[in-house]
Amino acid sequence: MTQPLVHKLDHVFVPVKDPEPLFALFTGTLGMPVAWPVTDRGLYRSGAFCAGNANIEFITAPGAFPPFSEPTEPLTFRGIALEPADGDAAAMLDQRGLAHGEPATWTDDSGAPFVTNIFLADLVSDAAMVFLSRYEGATRRARRRTVDEFTAGDNPMGVHRVAEVTIGVRDLDRTMDRWMRLLDPHAPDDHGAFLVGNGPTIRFRRSPIDGVAGVWLEVGSLEQARDALRERDMLGPMRASGIGLDYARTGGLDVWLTEKR
């Protein structure tokens with residue numbers, strides 16, 4: 001059996017002009033727990049909230065990772081971070097014939113390493129950056145502690161976890177081939193969805209536009225979630241599959257709530 005390269009989807013990021021407003025909206029108004037506060041890392045500045053099995057990050061990084069660091073109108077998810085399994089990730093990428101950059105390690109203010117990233121090439125065209133992200137040392141322990149302390153449903157919307165990240169692509173066959181090589185031995189179901197570890201499902205669908213089409217948060221009760229959003233003037237579009245957040249408040253970001261599928 002092939003040794004897994006990817007343990008799970010760890011987080012997605014949204015490039016913004018300033019991370020503070022959306023960070024405050026989700027951690028303050030909507031009561032989601034803080035994964036990490038808005039922090040200046042020099043090359044970039046970001047904050048994130050925890051949704052149980054994955055984090056959602058708001059980042060400003062002018063010119064750092066073009067075009068993925070450029071905010072869009074409406075806002076979109078432009079980064080997909082995958083937690084690598086144990087082992088030499090770069091060597092395993094080479095074995096699978098997947099192009100990648102060299103491992104890049106960021107350090108904190110004390111000079112200690114806190115994350116090592118390997119950027120991958122052309123997995124969602126130029127619409128979203130896909131990379132392996134391994135937290136180091138104290139940061140690794142802090143990230144795990146945040147997840148361990150997350151209590152499903154203990155937030156106004158009743159969020160349990162990130163259920164799914166949906167990705168639209170124009171060339172579905174080519175995209176699926178590359179992702180099957182990356183995620184092997186995890187295989188997609190008949191609907192183009194990969195379930196990797198305890199992370200969100202990664203689902204691909206044919207689309208005229210490449211990019212992350214939406215992030216779905218699983219809630220215990222859509223009725224509870226709807227009431228919580230209405231009370232906070234955050235209720236957006238409603239459809240059979242779930243409830244969206246108010247686009248006017250999120251800058252157009254596609255975040256949806258759904259019950260367990």
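Where is the place of P185? P185 sits in the loop between helix 4 (172-183) and strand 10 (193-195). Helices here are DSSP runs of H or I with at least four residues, strands are DSSP runs of E with at least two, and both are numbered from the N terminus.

This is a predicted model, in which local features need pLDDT of at least 70, side-chain atom pairs count only at pLDDT 80 or more, and totals for chains, interfaces and linings use all residues. Residues are numbered from 1 along each chain as its sequence is written, and side-chain values use heavy atoms, with hydrogens and water left out.

**Strand 8**

Strand 8 covers residues 129-135. Seven of its seven residues are buried. Buried means under 20% relative accessible area, exposed means over 50%, and partly exposed lies in between (1.4 Å probe, protein chains only). In a regular strand, side chains alternate between the two faces of the sheet. In strand 8, M129, F131, S133 and Y135 point one way. V130, L132 and R134 point the other way. Both sets are buried.

Strand 8 has a parallel partner in strand 5 (residues 79-84), with four bridges between them. Two strands pair if DSSP finds at least two bridges between them. I80 stands opposite V130 of strand 8. Strand 7 (residues 113-119) runs antiparallel to strand 8, and five bridges join the two. There, T116 has R134 of strand 8 as its bridge partner. V130 and R134 are both in the set that points the other way from M129.

**Backbone exceptions**

Most residues other than glycine have a negative phi, and most peptide bonds are trans. The table lists the exceptions by their backbone angle.

| Site | Feature | Angle |
|---|---|---|
| P66 to P67 | cis peptide bond | omega near 0 degrees |
| D184 to P185 | cis peptide bond | omega near 15 degrees |
| D122 | positive phi, not a glycine | phi about 55 degrees |
| D233 | positive phi, not a glycine | phi near 55 degrees |

P67 is found between strand 4 (55-60) and strand 5. D122 lies in the loop between strand 7 and strand 8, the strands joined by five bridges. D233 lies in the loop between helix 5 (222-231) and strand 13 (235-239).

How do the two aspartates count, as buried or exposed? D122 has 34% relative accessibility, so it counts as partly exposed. D233 has 54% relative accessibility and therefore counts as exposed.
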